Amino acid sequence: MTDDKKKPSGLEGVVAASSAICTVEGETGKLLYYGYDVRDLAGRASFEEIVHLLWYGELPTRRQLAALSEGLAMSRALPDEVIAIIRAFPEYSQPMEVLRTVVSSLSAFDRNACYYSHHANMCKAVRLTAQIPTVVAAFQRIRNGKDPVQPRNDLGHAANFIYMMDGQDPSEVASKAMDTALVLHAEHELNASTFAARVSAATLADMYSAITSAIGTLSGPLHGGANEQALEMLLEIGGKDKVEDYVHAAFAEKKKIPGFGHRVYRNEDPRATFMHQMAKELSQSTGNTKIFEMTEMIEQLMLKEKNIHANVDLYSANVYYLLGIPPDLFTPIFAVSRIAGWTAHVMEQYNNNRLIRPRAEYIGPWDRHFVPIEERVGDEAQVFEMM
Ligand SMILES: CC(C)(COP(=O)(O)OP(=O)(O)OC[C@H]1O[C@@H](n2cnc3c(N)ncnc32)[C@H](O)[C@@H]1OP(=O)(O)O)[C@@H](O)C(=O)NCCC(=O)NCCS
């Protein structure tokens, strides 16, 4: 007899790949990108520098950074046909479903899509990283009845992203906050979406297929979708005087509070600590402190009563809210950043590939025998009905 308690449910604790890109130390709350502590990088290295680190394993020299930044800037524009696809979505579409579908379509417009050399894959990684922000910004404008704006080559990745959404020069504070948020979300070892990307890549499916799998996986509320849900919760609570009742009601109903808990971090999530400080500074500089103060109250209650720590999504929701970004763009912005890590993992998988094909413990029935339909007796309470 197997002991049920010993089975790793949800692959918890299972080492499913070797990777040099990143590691997460759950007990000490450390996150390393190629050996650099993310606390050392955030606020000091730009997103483009982190992209170089994740793809090449080294922080870039000035010349390397200029070449990669230029490659990204030159790849930002979308073909007209892709803009037409974005226009075809109803305005009520979820930005994550638009992103998933449009990224899938991008392979048809990439002449290198069917080439698999490392250089061809690097060029695909550049295009995907450059174009995902353009897709998100174009949909945001189109659903609000505006035309997409052309990307600007003179702006950095984060600043250009804000510019493409707003159509106006972004402030330095907003550009810096977005850049740091992108750095903090860029990579996180074998999280669910990265694992999905590696499983797809391991079949030797092309990079666009792997990234489409990753985007679908990121959209779930237990993963990237938690940042949007965290803000919705804060808006629903509405005021500091209602925080305690809300949290206690959630405990009583055994409801999970979005933005808390983590599979690997048992104590501090270092990204949450950094985003907490950013949210504090932004809320003070804008004078809009209500949501931030409510968030801190929930954090203290969760720690005191459940010993569950905040994760990155709690305070990224605060930062994006204070930057005036609509909640349903929070998860797409996660993808704008995580594409750097996904593509790094896909290339690492291709470079040392073996099909990922685990086994399932079979818990279904055995030894059944076919019964012709005329003789079958079934539970007709279970009859399909279309919604
Ligand atoms: C991230 C997450 C999916 C990790 O899941 P996991 O490793 O499978 O952990 P579990 O869901 O088994 O949680 C372990 C315990 O902590 C509790 N817990 C975990 N996260 C919680 C949360 N956000 N709110 C309330 N309780 C929580 C669970 O209820 C469970 O308690 P129990 O042992 O009494 O049943 C989970 O913490 C969660 O759903 N968080 C909310 C969504 C979120 O913020 N996701 C973004 C992650 S970066």
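A pocket, as the word is used here, is an open set of grid points with protein on both sides within 12 Å along at least five of seven lines. The model under discussion is predicted. Its second largest pocket has a volume of about 250 Å³, and a search of the whole structure also finds 1 cavity of 30 Å³ or more.

**The second largest pocket**

- The second largest pocket, with its volume of about 250 Å³, is lined by 17 residues, of which Ile-162, Met-165, Asp-166, Leu-323 and Gly-324 are the closest to its centre.
- Helix H6 (118-143), helix H7 (157-166) and helix H8 (172-185) are the elements that each give two or more residues to this lining.
- H7 supplies the largest share of the lining of the second largest pocket, namely 3 residues.
- Sorted by class, the lining of this pocket holds 8 nonpolar, 5 polar and 4 charged residues.

**The largest cavity**

- The largest cavity has a volume of about 40 Å³.
- Its lining is formed by Pro-95, Val-98, Leu-99, Val-135, Val-136, Phe-139, Leu-329 and Pro-332.
- H5 and H6 are the elements that give two or more residues to the lining of the largest cavity.
- The lining of the largest cavity comprises 8 nonpolar residues, with no polar and no charged ones.

**The ligand and its surroundings**

- The ligand is surrounded by 16 residues, and the closest of them are Lys-256, Ile-257, Gly-259, Phe-260 and Arg-263.
- By class, this shell around the ligand divides into 8 nonpolar, 5 polar and 3 charged residues.
- Asn-311 takes part through its side chain, with a polar atom 2.9 Å from an oxygen atom of the ligand.
- Taken alone, the ligand exposes 850 Å², and the protein buries 61% of that area.

**Aromatic pairs**

- A search of the whole structure finds 4 aromatic pairs.
- One of the pairs joins Tyr-116 and Tyr-350 in an edge-to-face arrangement, at 6.3 Å centre to centre and with 80 degrees between the planes.
- Tyr-116 belongs to the loop between helix H5 (95-106) and H6, while Tyr-350 belongs to helix H16 (residues 330-351), so this pair ties together parts that are 234 residues apart in sequence.

Methods
Residues are numbered from 1 along each chain as its sequence is written. This is a predicted model: local features need pLDDT of at least 70, side-chain atom pairs count only at pLDDT 80 or more; totals for chains, interfaces and linings use all residues. Side-chain values use heavy atoms; hydrogens and water are left out. A residue is near a molecule or strand if one of its heavy atoms lies within 4 Å of it. A polar contact is a pair of N or O atoms within 3.5 Å; within protein, one must be able to donate a hydrogen and the other to accept it, and residues adjacent in sequence count only if both atoms are side-chain atoms. Accessible areas come from the Shrake-Rupley method with a 1.4 Å probe; for residues, only the protein chains shown count as cover. Ala, Val, Leu, Ile, Met, Phe, Trp, Tyr, Cys and Pro count as nonpolar, Asp, Glu, Lys and Arg as charged, and the others, Gly among them, as polar. On a 1 Å grid over the protein atoms alone, a cavity is a set of points where a 1.4 Å probe fits but cannot get out, and a pocket is an open set with protein on both sides within 12 Å along at least five of seven lines; lining residues have an atom within 4 Å of a point. Grid points are joined across faces, edges and corners, and a volume is the space filled by probe spheres set on the points. Helices (H or I, at least four residues) and strands (E, at least two) are DSSP runs, numbered from the N terminus. Rings of Phe, Tyr and Trp (its six-membered ring) pair if their centres lie within 6.5 Å; planes under 30 degrees apart count as stacked, over 60 as edge-to-face and the rest as tilted.
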